[in-house]
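Could you walk me through this model in my viewer, one selection at a time? I would like to know what to click on next and what is there.

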Amino acid sequence: METTAVKPQFSEAAQAEIKRLLTHYPDERRKSALLPVLHIAQAEFGGWVSPEVQDLVAATLGLKPIEVYEVSSFYTMFNLKPVGKHVLEICRTGPCMLRGSDELTAHLERITGAKVGGPASEDGLFTLKEVECLAACGFAPIVQVREKYYEQLDTPEAVDAMLTELRNQVHRPALPWEETGLPNALANN
């Protein structure tokens with residue numbers, strides 16, 4: 001018996017948001033909507049953009065799949081493999097390193113069980129990712145989770161408080177185009 005994979009499809013809410021976004025661009029410049037559509041796709045499909053999801057984005061915008069692959073693989077904000085519920089983006093540039101980002105990373109790996117660049121923690125809650133400057137040098141070391149900065153994470157207590165807050169979140173924050181809660185694809189994330 002041969003099984004065929006179900007192709008991903010955007011929810012009605014995401015389709016409506018993409019349609020709204022496209023009104024901001026001339027038809028011949030649909031590619032300009034690629035970044036926001038990739039953000040929608042990543043949020044819609046569990047926090048990462050698989051090759052199949054990237055193909056969906058390409059078809060939605062009338063692009064060649066390689067045009068989407070080039071962009072999604074260039075920017076670190078797009079995850080190309082499955083991630084945990086919370087992606088902890090750890091700043092690794094000079095000021096954060098001087099203030100202890102290496103120790104922060106080692107501590108996070110120890111207590112979450114996740115490894116930078118590796119799979120999510122066993123409980124599926126955390127993925128660790130090193131990133132370039134988060135532009136908050138005066139508050140180093142710093143971690144970004146979605147749109148929120150966790151600053152001055154230079155003590156175990158500060159790190160533990162951040163992780164406790166994240167563990168206590170029942171659902172991820174609602175996305176701007178979601179009027180009625182979580183889309184079906186994310187109901188269990």
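Here is a short tour, from the whole fold down to single side chains.

**The whole chain.** Keep in mind that this is a predicted model. Start with a cartoon view: the secondary structure comes to seven helices and four strands. Read from the N terminus, the order of the elements is α-α-α-α-β-α-α-β-β-β-α. Of the 189 residues, 41% count as buried. If you draw contacts with a separation of 6 or more, 62% of them join residues 24 or more positions apart.

**Helix H1.** Select glutamate 17 and arginine 20, whose side chains meet in a salt bridge at 2.7 Å, N to O. Both sit in helix H1 (residues 12-22), three residues apart, or about one turn of the helix. Colour by accessibility here: glutamate 17 counts as buried at 13%, while arginine 20 is partly exposed at 41%.

**From a loop to helix H4.** Next, pick lysine 31 and glutamate 67, another salt bridge, at 3.2 Å from N to O. Lysine 31 is in the loop between H1 and helix H2 (34-44) and glutamate 67 is in helix H4, so this pair ties together parts 36 residues apart in sequence. Lysine 31 has a relative accessible area of 40%, which makes it partly exposed.

**The end of H4 and beyond.** Show Phe74, Tyr75 and Met77 as a surface; they make a nonpolar patch of about 300 Å². Tyrosine 75 lies in the loop between helix H4 (65-74) and strand E1 (86-91), and its 33% relative accessibility counts as partly exposed.

**Two cysteines.** Select cysteine 91 and cysteine 96. Why is there no bond between them? Their sulfurs are 3.5 Å apart, which is too far, since a disulfide needs the sulfur atoms within 2.5 Å. Cysteine 91 is buried at 3% relative accessibility, and cysteine 96 is buried too, at 2%. A search of the whole structure finds zero disulfides.

**A salt-bridge network.** Finish with Arg92, Glu130 and Glu132, which are linked in a network of salt bridges. Glutamate 130 is in strand E2 (residues 126-131) and arginine 92 in the loop between E1 and helix H5 (94-98), 38 residues apart. Both are partly exposed: glutamate 130 at 30% and arginine 92 at 37%. Across the whole structure, a search finds six salt bridges.

Key: Residues numbered from 1 in each chain as written. Predicted model: local features only at pLDDT ≥ 70, side-chain atom pairs only at ≥ 80, totals over all residues. Heavy atoms only, no water. Patch = residues over 30% accessible without salt bridge, like charges linked within 9 Å, V, L, I, M, F, W, Y side chains within 5 Å. Areas by Shrake-Rupley, 256 points an atom, 1.4 Å probe, with all protein chains shown as cover. Salt bridge = Lys/Arg side-chain N within 4 Å of Asp/Glu carboxyl O. Helix = DSSP H or I, 4+ residues; strand = E, 2+ residues; numbered from the N terminus. Buried < 20%, exposed > 50% of the residue type's maximum accessible area, 1.4 Å probe, protein only. Contact = heavy atoms within 4.5 Å.
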